[in-house]
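Good morning, and thank you for the time at this meeting. Please have the sequence and the model open while I speak.

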Amino acid sequence: MRGWCYIAWAAWTLAATPAAAQSDVPPVASFDYVTCSGTPDAESATAGPGDFANPVLPGFQPDPSIVRVGDDYYLVNSTFSWFPGLPVYHSRDLVHWRQIGNAIDRPSQLTIGKVGVTRGLFAPTISHHGGRFFIVNTCIDCGGNFILAADDPAGPWSDPHWLDFGGIDPSLFVDDDGKAWIAYNDAPPGPPEYDGHRALWLQQIDLATMKMAPTRTLLVDKGVHAADKPVWAEGPHIYKVGRYYYLTAAEGGTADQHSQTIYRAETVTGPYRPGPANPILTQRDLPEGRPWPVQATGHADFVQIADGSWWAVFLATRPYAGQQTNLGRETFLLPVQWKDGWPLILPSGTPIAPTGKRPALPAFAGDTLGQWRDDFDDPRLALDWMMLRTPQGRAWWSLSGSKGALQLTARPVAAGSLDQPSFVGKRLRHHDAVFETRVTFAPTATGDRAGLLALTDENHFLFFGRERLAGGDAIVLRRRGAATEPAEGVVVKQATLGARPAAAIDLRIRLNRDKAALQWRAAGAADWQTLAADVDASVLATVGAGLFTGAVIGPHAARTDARP
């Protein structure tokens, strides 16, 4: 697995080693390893030799976009305020995916500053033309719309070419005549008539100069049935199939009313008329209480494979109750059927099944998702480790030690801060998963802490680890469930470590839907001790964070400290 660019990161990977043993020097937490063991849904586990299981990319993997180049398929997802951003995946069977890079992997490319976790990089789209790969994207609160280019999808990707147009969800389409266009969501041509009233626009771009044409064309106002006041027409993609141009877009918002729609026209600029069976994908018309419920389906992208069949990747959620899921919006796969010149993903009223027949493609060895161990014996972090916001300034993390270790400086930056906490994490991939680590940490002041952080956004997280409290060192559980609570969370469980606590401690957290079990022991001890067996983990449910992100879990260190 290729790591983040070592040369580009040299300035950020130097250890912040204390110059002297002073009380005002922040302590450093050393994590020997992190492991994860996830249990797939029982329904998905029934997939046979000729089947595949949905989702194909489980966990926080929203807004998928796909492109085929020969026998290879490449896919990107949104990452919002996480860094590195825009993961790039490769597959040859559409089912198993291997991460090969991150399109935003250098701090110099763009700065995601002090903004919420659900801001940042929205809805990238990937395409290929003239031997080059392109990603068009929007950085909310950090620059607007831009395009990246690369000769190799694994990178390096160019610095952003900032584009002069408003709106979000840009998608690149290159026509047979070589003209390039960007379709996107923006405000309607006149004053919005209701909340969520949006429009889809088309504007030409010169890929040689990365400049936009001065005029744009309105493709769709409101949505399929304008009289019904549809909301949030977004995520447009254009394809040319035969003599028609097809425009597909999401509609209904990203929650349980989400859907996918289709239009077509005889010229790229329209006029586009909606298809006869809209929406072509939704789960909003299905009864509550159904087995293996899937919600929020939409934001689809199409691809045609070698045998001529079409497939769609799209986002959806797997709630454990209501709209509650700790996993966020995930990437699903389904075949696209064509009838009378129109594509259809699922007929209305059809539930998504946990398994389906695989595409007619040779098997591909993708990443092992939800089952991993990292001993930090590589000089670079693996591609799927992430941190909040763009790193700037002095290092707070390093990889060092003869046996390998991840070292985090306990700085006065809380997990709920809009700054960058000392935290690196990976996506939660399964409803039921166990994370374990060994941490060596010697607190020097009240509020010094290190352990495992499970975070959905800055207002919703659980922290489990070692902390210096007013009465001495303890194993603690901190929780934050609202912006009105302290940024470091509130201690809700604690167990005193005693006068001579062990330097190294093993931590284990099991997240099983809306419950968490927390265990600890002195490193290498035979028996685990339970801090809590039935903690409410619904604080991590992404509905509390607007259904944008998903839980990310990993090592964290901090201190409650007012010193500079």
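Predicted model: local features only at pLDDT ≥ 70, side-chain atom pairs only at ≥ 80, totals over all residues.

Residues are numbered from 1 along each chain as its sequence is written, and side-chain values use heavy atoms, with hydrogens and water left out.

Let me begin with the sheets. A strand here is a DSSP run of E with at least two residues, and helices (H or I, at least four residues) are also DSSP runs, both numbered from the N terminus. Two strands are said to pair if DSSP finds at least two bridges between them.

Strand β10, residues 144-150, is joined to β11 by two bridges, and the two run antiparallel. Within β11, H161 is the residue that stands opposite I147.

A second open sheet also consists of four strands, and its order is β21-β22-β23-β24, again with antiparallel pairing. Here the edges are held by β21 (295-304) and β24 (342-344); each has a single partner strand, so one side of each is left without a neighbour in the sheet. On average, neighbouring strands of this sheet are turned by 35° against each other, direction ignored. For such angles, axes are lines fitted to C-alpha atoms (for helices over the stretch in contact), and angles run from 0 to 180 degrees between N-to-C directions. Inside the sheet, β22 (residues 310-317) and β23 (residues 330-339) pair in the antiparallel sense over seven bridges. F314 has F332 in β23 as its bridge partner.

I turn to the disulfide. In general, a disulfide is a covalent bond between the sulfur atoms of two cysteines. The rule applied is a pair of cysteine sulfur atoms within 2.5 Å, and by this rule the count comes to one disulfide. Which cysteines form the disulfide? They are C139 and C142, with sulfur atoms 1.8 Å apart. The torsion about their S-S bond is about -90°, so the disulfide is left-handed.

Is C139 buried or exposed? Buried means under 20% relative accessible area, exposed means over 50%, and partly exposed lies in between (1.4 Å probe, protein chains only). C139 is buried at 1% relative accessible area, and C142 is buried at 11%.

Next comes an enclosed strand. In β33 (residues 449-457), nine of the nine residues are buried, so this strand is largely enclosed by the rest of the structure. A hairpin of two residues joins β33 to β34. Strands β33 and β34 (residues 460-469) pair in the antiparallel sense over eight bridges, and L455 stands opposite F461 in β34. Seven bridges join β33 to β40 (residues 552-558), also running antiparallel; there, L452 stands opposite P555.

Now the largest pocket. On a 1 Å grid over the protein atoms alone, a cavity is a set of points where a 1.4 Å probe fits but cannot get out, whereas a pocket is an open set with protein on both sides within 12 Å along at least five of seven lines; lining residues have an atom within 4 Å of a point. Grid points are joined across faces, edges and corners, and a volume is the space filled by probe spheres set on the points. The largest pocket has a volume of about 640 Å³. Its lining has 25 residues, of which V67, S127, F173, I238 and Y239 lie nearest the centre. The largest share of this lining, five residues, comes from β8.

Finally, two single residues. T261 lies in β18 (residues 259-265) and is buried at 2% relative accessible area. Contact means heavy atoms within 4.5 Å. Leaving aside neighbours within four places in sequence, T261 is in contact with residues including V224, L247 and I280. V95 lies in the loop between β6 (85-91) and β7 (98-104) and is buried, with a relative accessible area of 8%. With neighbours within four places in sequence again set aside, V95 is in contact with F52, V56, L333, R358 and P359.
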